[in-house]
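Q: I have a model open and want to learn how to read it. Where do I start?

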Amino acid sequence: MKIFIASDLHGSAEYCRQMIEAFTKENADKLLLLGDILYHGPRNPLPEGYSPQEVISLLDTVKDRVICVSGNCDAEIDRALLPFPVLPDFGAIFADGLNIYFAHGHKDAPALSEGDVYITGHTHVPLNTVENGYFHLNPGSLSLPKEDSGHGYVIYENRKFVFKRLNGEAYDELDTDKKEEPAVEQTVVAERAPAVKRPQVVRRKLVIRRR
């Protein structure tokens with residue numbers, strides 16, 4: 001199974017259109033949306049091409065392949081207008097021997113086991129890390145990326161997750177079958193605030209390479 005994973009459209013018809021074009025090029029089986037679909041949110045600026053009604057029409061063209069979970073900006077009326085079911089808090093996909101759990105990310109994580117994969121959105125910042133034995137991933141935001149990250153998505157296929165820009169360029173990956181330590185970071189392009197120290201957390205820094 002090939003899954004296209006994206007999050008935080010926030011009502012942008014422009015980036016919804018680009019997402020569907022990328023989804024078509026990837027020839028993925030499912031489109032997994034991690035919430036915050038229609039409303040831009042009170043803390044965010046209006047994204048480019050803000051048009052929730054157009055987003056609904058665009059998503060209607062792929063509704064039979066969408067899996068969606070609700071975000072903190074998805075009101076009851078938003079969920080009612082979307083042309084596919086919207087899960088309230090968490091969802092799960094079991095593929096290729098992996099337990100893949102997903103949520104928007106604004107609530108506490110469920111109880112997870114070593115080797116599980118947990119995918120969230122919400123922060124608008126890509127993430128590829130290991131926490132207490134499980135893999136925690138975030139594709140970032142399609143329309144309003146933060147911390148110098150780009151507009152992008154993640155592709156899952158054959159136990160591997162590949163982080164990509166909307167133009168299809170890959171910039172990071174997680175192969176769940178590889179047990180070696182992450183490579184030492186070689187390039188730093190943007191300064192980041194020091195990571196908050198948490199117990200039993202191994203963090204893998206995301207390196208953003210520009211061409």
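A: Start with burial. A residue is buried when its relative accessible area is under 20%, exposed when over 50%, and partly exposed in between. This model is predicted. Take aspartate 36: its relative accessible area is 2%, so aspartate 36 is buried.

Q: Where is aspartate 36 found?
A: In the loop between strand 2 (30–33) and helix 2. Phi of aspartate 36 is near 55°, a positive value, and the residue is not a glycine.

Q: Which loop holds aspartate 148?
A: The loop between strand 8 and strand 9 (152–157). Aspartate 148 also has a positive phi, about 65°, and is not a glycine.

Q: Is aspartate 148 buried or partly exposed?
A: Its relative accessibility is 46%, so aspartate 148 counts as partly exposed. Aspartate 36, by contrast, is buried.

Q: What does the protein chain look like as a whole?
A: Count the elements: the chain has 3 helices and 12 strands. Of its 211 residues, 48% count as buried. The chain exposes about 11100 Å², and carbon and sulfur atoms supply 49% of that area.

Q: How do I read the contacts along the chain?
A: Look at sequence separation. Take the contacts with a separation of 6 or more. Residues 24 or more positions apart account for 57% of them.

Q: How do I read a pair of helices?
A: Look at axis distance, then angle. The axes of helix 1 (residues 13–26) and helix 2 (residues 52–60) come within 9 Å and cross at roughly 15°. Angles under 35 degrees count as roughly parallel. Helix 1 is therefore roughly parallel to helix 2. Their crossing is right-handed.

Q: Which residues make the contact between helix 1 and helix 2?
A: Helix 1 supplies Ala13, Cys16, Arg17, Met19 and Ile20. Helix 2 supplies Glu54, Val55, Leu58 and Leu59. By type, the contact has 7 nonpolar residues, no polar and 2 charged.

Note on methods:
Residues are numbered from 1 along each chain as its sequence is written. This is a predicted model: local features need pLDDT of at least 70, side-chain atom pairs count only at pLDDT 80 or more; totals for chains, interfaces and linings use all residues. Side-chain values use heavy atoms; hydrogens and water are left out. Axes are lines fitted to C-alpha atoms, for helices over the stretch in contact, and angles run from 0 to 180 degrees between N-to-C directions. Helices (H or I, at least four residues) and strands (E, at least two) are DSSP runs, numbered from the N terminus. Angles under 35 degrees count as roughly parallel, over 145 as roughly antiparallel, 65 to 115 as roughly perpendicular and the rest as oblique. A crossing is left-handed if the near helix is turned anticlockwise from the far one by less than a right angle, and right-handed if clockwise. Contact means heavy atoms within 4.5 Å. Ala, Val, Leu, Ile, Met, Phe, Trp, Tyr, Cys and Pro count as nonpolar, Asp, Glu, Lys and Arg as charged, and the others, Gly among them, as polar. Buried means under 20% relative accessible area, exposed over 50%, partly exposed in between (1.4 Å probe, protein chains only). Accessible areas come from the Shrake-Rupley method with a 1.4 Å probe; for residues, only the protein chains shown count as cover.
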